Amino acid sequence: MLGIGGLGAAGLALPGCATMVARREAVATGCLPPVLVDRSRVIREVVGLRPYRASGFVVRAEALGTKRLVHNYGHGGAGITLSWGTSRLAVELGLQGHQGPVAVVGAGIMGLTTARLVQEAGFPVTIYAEALPPDTTSNIAGGQWAPFGHSRRDAVTPEWRAQFARALDYSWRRFQLLVGDEYGVRWVPTYDQGDGPDPADPLERYRPDHRPLAPSEHPFAVERLSRYQTMYVETGRFLRQLIRDVQVAGGRFERRRFANPAELAALPEGLVFNCTGLGARALFGDEELRPARGQLAVLLPQPEVRYAFTGQAGYMFPRPDGVLLGGTFDMDEWSTEPDPAITERIIRSHQTLFGGFRCRTGRSGLA
């Protein structure tokens, strides 16, 4: 009976065993499904202006007439990453001794996360904004959880570094609570064209499972490669859910443009959070704020692509709403119109990257 049963089971399992063997061989040789990069697969081209300050983001409180004003802006290319963290710092500054309603100016990710934390502390909130999602810079962000392009090392102070460390820690933990389809936050293995872990880098703790890879462990035709895990945010879905959260908790939205601080001082709320991003340059005369232009070419979604890449070719982030190709960081460029020449450059660099794969798994790839 054991012999017959074993033969029967083996016969039934042959196709599955073959599949499992193929999968193990694919894993052993480092195969991945390639991204299908072609101009015909581009579904949208978008441009965002990152609010960059060499000395880093601003989280600071000051008086505005009889009101208290708390700034939370200037996050460069790390707005998604730092959002919950710097918003928490701002809320801690603002709510000390405060009573009554609160105003938040700006409806990008900083404004929405600040508003949610204020509501969680028990205060009513009105968000005043000239633009609402999806018409904000936050909607255009790639969504990788990684602190990038937010400051210049020799321009920041020790006090700012302490703020940065606290913000990263809280934001890292808060985003983990939101992983799942509801908020569009996912863990994705990320292949990085670099040497691998650096124990001296304080940011290394935010790259779990980080290790260098041998050529046999990946298909990329590059000399050095490492892999780690991090979170990715589908920004459109995430911002929509935050808006719902604010509204469900009783928050209000009012479309409004402010020309100067005096108009903020005329608001009925006694506490105002400034989360205007690049708009703070004109509103508060912060000349250190500079636009860092980023352009994305978004390809048709490929559900089988479940990894990300960052390197000399730029970056590739897979999301349910499309495969994002980018990596540009052009300082002092104010145009928000996509440049066809930049799109072509992005397409060509990624065609070279994925066209050079050392193995092919076909469109289905690995699950």
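I looked up the neighbours of Ser138 and found that Ser138 touches Ile80, Gly108, Ile109, Thr235 and Leu239, leaving aside residues up to four places away in sequence, where contact means heavy atoms within 4.5 Å. Ser138 has its place in the loop between strand E5 (125–129) and helix H4 (158–176); helices (H or I, at least four residues) and strands (E, at least two) are DSSP runs, numbered from the N terminus. I noted Ser138 as buried because its relative accessible area is 14%, the classes being buried under 20%, exposed over 50% and partly exposed in between, with a 1.4 Å probe and protein chains only.

I note here that this is a predicted model, in which local features need pLDDT of at least 70 and side-chain atom pairs count only at pLDDT 80 or more, while totals for chains, interfaces and linings use all residues. Residues are numbered from 1 along each chain as its sequence is written, and side-chain values use heavy atoms, with hydrogens and water left out.

I then turned to helix H3 (residues 109–120) and helix H5 (residues 235–248), whose axes come within 10 Å and cross at roughly 35°; axes are lines fitted to C-alpha atoms, for helices over the stretch in contact, and angles run from 0 to 180 degrees between N-to-C directions. On the H3 side I listed Ile109, Leu112, Thr113, Ala115, Arg116 and Gln119, which meet Phe238, Leu239, Leu242, Ile243, Asp245 and Val246 in H5.

I next checked Glu333, which lies in the loop between strand E15 (330–331) and helix H8 (340–355). Glu333 counts as partly exposed because its relative accessibility is 40%. Glu333 touches Leu49, Pro291 and Arg293, again not counting residues up to four places away in sequence, and its C-alpha atom is separated by 9.3 Å from that of Gly294, 39 residues apart along the chain.

For the rings, I recorded 20 aromatic pairs in the structure, a pair being rings of Phe, Tyr and Trp (its six-membered ring) with centres within 6.5 Å. One aromatic cluster is formed by Tyr191, Phe220, Tyr307, Phe309, Phe354 and Phe357.

Finally, I took down the totals: the secondary structure comes to eight helices and 15 strands, and buried residues make up 50% of the 367 residues. Of the contacts with a separation of 6 or more, 77% are between residues 24 or more positions apart.

Definitions and conventions. Phe/Tyr/Trp six-rings, centres within 6.5 Å; stacked < 30°, edge-to-face > 60°.
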